[in-house]
Amino acid sequence: MSTTDVMFNEMPSFGVAKRAVSVVLNEDGTTTVLYEINVENYGNVHLDSLQVTDDLGMTFPAPCVVDAVVTSDDFTVNPDYDGTADINLLDGGDMLLVLDKGAILLEVTIDSCGTNMGPFMNLAVGLASSPGDSMIIDTSNNGSEPIPDSMSTTDVMFNAMPEIGAAKR
């Protein structure tokens, strides 16, 4: 009886996309930006140790002050994420199955930027491990559809619409 050897070629691939869902100028002078980050596995193997990073200190430099809240229905978020000292959005324990995808919502409230209204350019970076212990990395493209190995910033502007009122007596 003869045996047949079968070779399995591991081809890990995933993509990260990021878009600004909304930019709201708040009455207290702060601005709230809601980002959506989508991650999708395009490879032929499951990916583990999934991590997505987002460095808000690079996007909104001093004197800007940021407050961030991260949520996800698909992944386990890092409760210590603050966007500056801790830039890991996830806890790093999630697995992304072949052809699976998920979303992360990042709500950022920005204050004290002075006259700097942008543009503020932002990127997210995804990292994961393949079963063969290959570390794969993808930097986000702008939009909602992840495109592996395609990088473009997600830009926002704080467009204040000045108002003036007048009354005649």
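This is a predicted model: local features need pLDDT of at least 70, side-chain atom pairs count only at pLDDT 80 or more; totals for chains, interfaces and linings use all residues.

1. Salt bridges in total. The structure holds 2 salt bridges. Each is described in its own point below.

2. D54 and K18. A salt bridge is formed between D54 and K18, with the closest N and O atoms 2.1 Å apart. The two partners come from distant parts of the chain, 36 residues apart: D54 sits in the loop between β3 (47-53) and α1 (56-59), while K18 belongs to strand β1 (residues 14-25). D54 is buried, at a relative accessible area of 0%, and K18 is likewise buried, at 0%.

3. R19 and E36. R19 forms a salt bridge with E36, and here the closest N and O atoms are 2.7 Å apart. This pair also links distant parts of the chain, since R19 is in strand β1 and E36 in strand β2 (residues 31-41), 17 residues apart. R19 is partly exposed, with a relative accessible area of 31%. E36, at 16%, counts as buried because the cut-off for that class is under 20% relative accessible area.

4. D138 is found in strand β9 (residues 135-139).

5. Surroundings of D138. A polar atom of the D138 side chain lies 2.7 Å from the backbone nitrogen of D149. Leaving aside residues up to four places away in sequence, D138 touches several others, among them F14, G15, V16, I147, P148 and S150. The contacts of D138 also include A124, V125 and G126.

6. Cis peptide bonds. The peptide bond from A62 to P63 is cis, with omega near 15°; P63 is located in the loop between α1 and β4 (65-71). Another cis peptide bond joins G118 and P119, where omega is about 10°. P119 is placed in the loop between β6 (101-111) and β7 (120-122).

7. S49, which is not a glycine, has a positive phi of about 55°. S49 lies in strand β3 and is partly exposed, at 37% relative accessibility. S112 has a positive phi as well, near 65°. S112 is found in the loop between β6 and β7, and its 40% relative accessibility makes S112 partly exposed.

Conventions: Residues are numbered from 1 along each chain as its sequence is written. Side-chain values use heavy atoms; hydrogens and water are left out. Helices (H or I, at least four residues) and strands (E, at least two) are DSSP runs, numbered from the N terminus. A polar contact is a pair of N or O atoms within 3.5 Å; within protein, one must be able to donate a hydrogen and the other to accept it, and residues adjacent in sequence count only if both atoms are side-chain atoms. Contact means heavy atoms within 4.5 Å. A salt bridge is a side-chain nitrogen of Lys or Arg within 4 Å of a carboxyl oxygen of Asp or Glu. Buried means under 20% relative accessible area, exposed over 50%, partly exposed in between (1.4 Å probe, protein chains only).
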